[in-house]
Amino acid sequence: MNSLESSSESQPQSLREWLLSEAPTSRRQARMGSFYQGWLALKSNNLTMIGLGILLFLLFVALFAPVLAPADPFAQNLSNRLQPPGSEGHLLGTDSLGRDILSRLIYGSRITLYIVTLVALIAPVLGLFVGTVAGYLGGWVDSILMRITDIFLAFPRLVLALAFVAALGAGIENAVIAISLTAWPPYARIARAETLTIRRADYISAVQLQGAGPLRIISKHIWPLCISSLIVRVALDMAGIILAAAGLGFLGLGAQPPSPEWGAMISEGRKFLLDFWWVATIPGLAIFMVSLGFNLLGDGLRDVLDPKDSGDA
Amino acid sequence: MASPTTAKEGRQLSPFVSKSAAFTSSVLRTLGSILITMIGLLFITFLIGRVMPIDPVIAVLGERASKSAYDAMFIEMGLDKPLLVQFFYYLWDVAHGDFGISRLTARPVIDDVMRVFPATLELATLGTFIGVFIGVPLGVLAAVKRGTIIDQIIRVIALVGYSMPIFWLGLVGLLVFYGLLDWVGGPGRLGIFYVDLVPTVTGLILVDSALDGQWDVFRDAISHIVLPASLLGYYSLAYISRMTRSLMLEQLSAEYITTARVKGLSEWTVIWRHAFGNIKVPLITVIALSYAGLLEGSVLTEIIFSWPGIGSYITTALLSADMAAVLGGTVVVGLVFVCLNIFSDLLYKVFDPRAK
């Protein structure tokens with residue numbers, strides 16, 4: 001409908017023209033247009049597209065794991081252990097208990113996605129909450145919250161996560177909590193900085209005059225404006241989250257055996273490294289690919305959404 | 001960054017006094033914030049220690065202690081007191097350098113930490129050197145050749161470094177350079193024939209063996225450290241080169257660079273004297289942060305290479321539920337981390353006139 005209204009000067013209008021229109025006639029058109037332009041900028045960067053491709057592939061593999069996996073990831077077959085890649089029926093070989101490595105990798109993608117998604121939901125929300133409250137209320141609330149943030153920021157992340165997991169007990173959920181607890185401070189800083197620039201804006205005063213309380217102002221009028229800078233940060237953080245989760249798994253503090261978590265798989269294969277190299281190296285390659293995917297995408301997203309930071313024109 | 005209040009106070013005084021007064025107050029402020037951060041750090045580790053599912057009394061006495069012995073120890077350890085009081089006991093002990101006794105080594109945690117820390121320091125320092133000497137030129141090159149294929153290649157090198165699970169890279173490195181090619185020494189700091197040959201002076205084997213003139217030990221130590229240090233170096237190179245690039249780009253687009261070029265200065269002088277000269281201070285901050293990151297990032301590398309540093313110490317203690325050692329180690333790493341952060345902050349204040 002909008003396309004018909006806005007096509008007064010040029011008759012036959014494609015979707016592309018509608019999206020790129022210089023004079024959008026509705027809020028929806030303007031918003032979709034700006035998304036489309038962002039997409040075009042993203043698309044022009046090959047590396048970013050490679051990253052996006054890797055992640056879509058990961059999503060696909062995780063969704064259809066039962067269909068794609070050639071074997072049961074937990075089925076042991078001791079007479080068929082430590083088969084090299086390319087042996088019959090095992091494209092990537094088998095591990096020390098005769099389990100098919102490819103199937104385990106495929107099911108492991110679900111665990112990786114699970115951890116990343118949970119951390120990406122918990123840490124930014126926690127940071128957003130702390131940062132906006134500190135920035136909006138100011139004064140001693142700000143001082144206390146930011147001091148706490150600084151203390152958490154001062155801790156080395158992996159060591160703190162180690163200590164948390166030690167206190168909570170090993171396991172995926174506890175690894176998620178530990179990583180989230182170490183990942184929120186940067187989000188709080190970003191959210192606070194954004195809030196400080198927003199809170200003196202005229203529209204906030206207008207809302208205040210209408211009688212809105214702090215809770216309503218923060219949740220309805222400040223949070224929406226902080227989201228975009230947080231998203232860039234999340235995309236860039238994902239790789240670090242994956243590496244941290246894999247590191248915890250490698251140390252035996254994340255997912256527990258027989259779970260096919262990639263870091264734990266490396267740790268299992270480490271014992272046979274010199275004689276049976278594939279058991280440890282193949283899962284590492286998977287971790288590397290996924291984390292590279294997130295880094296490539298995050299780098300490209302930053303170029304599009306925050307051009308001044310990347311230095312690229 | 002000087003706060004608005006110091007600036008205001010400064011303006012009322014004469015220029016000379018104002019400068020030093022503002023500086024003193026900013027140093028005092030920094031010291032205050034160090035203190036608060038450290039107490040916070042200790043509080044968090046203290047809390048972690050308290051929510052542990054391990055009974056501290058049983059950890060000391062063993063599981064077969066009688067009820068009366070248990071109760072006596074419970075009171076002696078102050079566990080009947082409120083949590084906050086217990087925290088002050090803990091602070092008091094830590095302030096006196098007492099982090100408790102490690103169950104695993106049966107020695108004071110602080111002694112253990114002092115013994116293992118030089119190994120980590122040696123590794124992280126060498127790693128940072130590698131990162132700086134390769135990362136900085138790469139970053140400058142990427143900025144100068146911005147948008148070209150060279151820039152893209154350097155970008156990929158850095159992103160690969162960011163994305164690599166460092167413990168995996170360590171395993172692959174061992175497999176290739178030790179297992180297949182036999183170019184480097186294997187895990188550990190020294191080959192078995194060289195252990196305990198040099199007297200410990202600094203704890204840094206490279207320094208100790210050189211001081212003692214034992215060059216075969218020195219050579220063996222080098223062959224062991226070169227692989228883990230290169231891996232850490234690659235990791236820090238990724239960060240340093242990206243930061244150098246963006247700092248350089250900012251300078252290269254400034255007008256004074258155009259002026260310098262118009263004046264007819266050579267491209268070399270423009271880039272290295274003018275542009276690079278102006279990014280030195282922020283670059284030092286970047287390097288300090290990366291150094292701090294390596295001290296922490298070496299946890300996994302140390303485990304792969306059986307490197308007897310603080311990372312292996314904490315992890316081994318963790319896996320055997322030796323909480324005093326875990327918390328002591330965590331606090332020490334945290335304190336070093338804080339100190340490096342603050343050190344880089346201070347450097348910034350001292351060397352960058354705009355920050356005063």
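Guide: Let's start with helix H9 (residues 205-212) and helix H10 (residues 215-252) of chain B, which pack at an angle of about 165° with their axes 8 Å apart. Axes here are lines fitted to C-alpha atoms over the stretch in contact, and angles run from 0 to 180 degrees between N-to-C directions. Helices are DSSP runs of H or I of at least four residues, strands are E runs of at least two, and numbering starts at the N terminus. You're looking at a predicted model, where local features need pLDDT of at least 70 and side-chain atom pairs count only at pLDDT 80 or more, while totals for chains, interfaces and linings use all residues. Residue numbers start from 1 along each chain as its sequence is written, and chains are lettered from A and ligands numbered from 1 in the order written.

Given that angle, H9(B) and H10(B) are therefore roughly antiparallel (over 145 degrees). The crossing of H9(B) past H10(B) is left-handed, that is, the near helix is turned anticlockwise from the far one by less than a right angle. To find the spot, pick out B:Ile205, B:Leu206, B:Ser209 and B:Ala210 on the H9(B) side. They meet B:Val217, B:Phe218 and B:Ala221 of H10(B), where contact means C-beta atoms, placed from the backbone, within 7 Å. This contact of H9(B) with H10(B) counts six nonpolar residues, one polar and no charged. Nonpolar covers Ala, Val, Leu, Ile, Met, Phe, Trp, Tyr, Cys and Pro, charged covers Asp, Glu, Lys and Arg, and the others, Gly among them, are polar.

Stepping back within chain B, the domain assignment, which is automatic or from a database, gives domain 1 (2-95) and domain 2 (109-355). The C-alpha centres of domain 1 of chain B and domain 2 of chain B are 30 Å apart. Where they touch, domain 1 of chain B puts in 14 residues and domain 2 of chain B puts in 13. On the domain 1 side of chain B, helix H2 (residues 15-51) gives the most, with ten residues. That side is made up of nine nonpolar, five polar and no charged residues.

Now across to the neighbour. Helix H8 (residues 157-168) of chain A packs on helix H14 (residues 323-351) of chain B at about 155°, with the axes 10 Å apart. H8(A) and H14(B) are therefore roughly antiparallel too, and H8(A) passes H14(B) in a left-handed crossing. A:Val159, A:Ala163 and A:Ala166 of H8(A) make the contact with B:Val326, B:Thr330 and B:Val333 of H14(B). Sorted by class, those residues come out as five nonpolar, one polar and no charged.

As for chain A as a whole, expect 14 helices and zero strands. Its C-alpha trace spans about 75 × 60 × 35 Å along the principal axes. Of its 313 residues, 41% count as buried, meaning 20 or more other C-beta atoms lie within 10 Å of the residue's own. Among chain A contacts with a separation of 6 or more, 65% join residues 24 or more positions apart.

Methods:
Two residues are in contact if their C-beta atoms, placed from the backbone, lie within 7 Å. A residue is buried if 20 or more other C-beta atoms lie within 10 Å of its own, exposed if 12 or fewer, and partly exposed in between; C-beta atoms are placed from the backbone. Angles under 35 degrees count as roughly parallel, over 145 as roughly antiparallel, 65 to 115 as roughly perpendicular and the rest as oblique.
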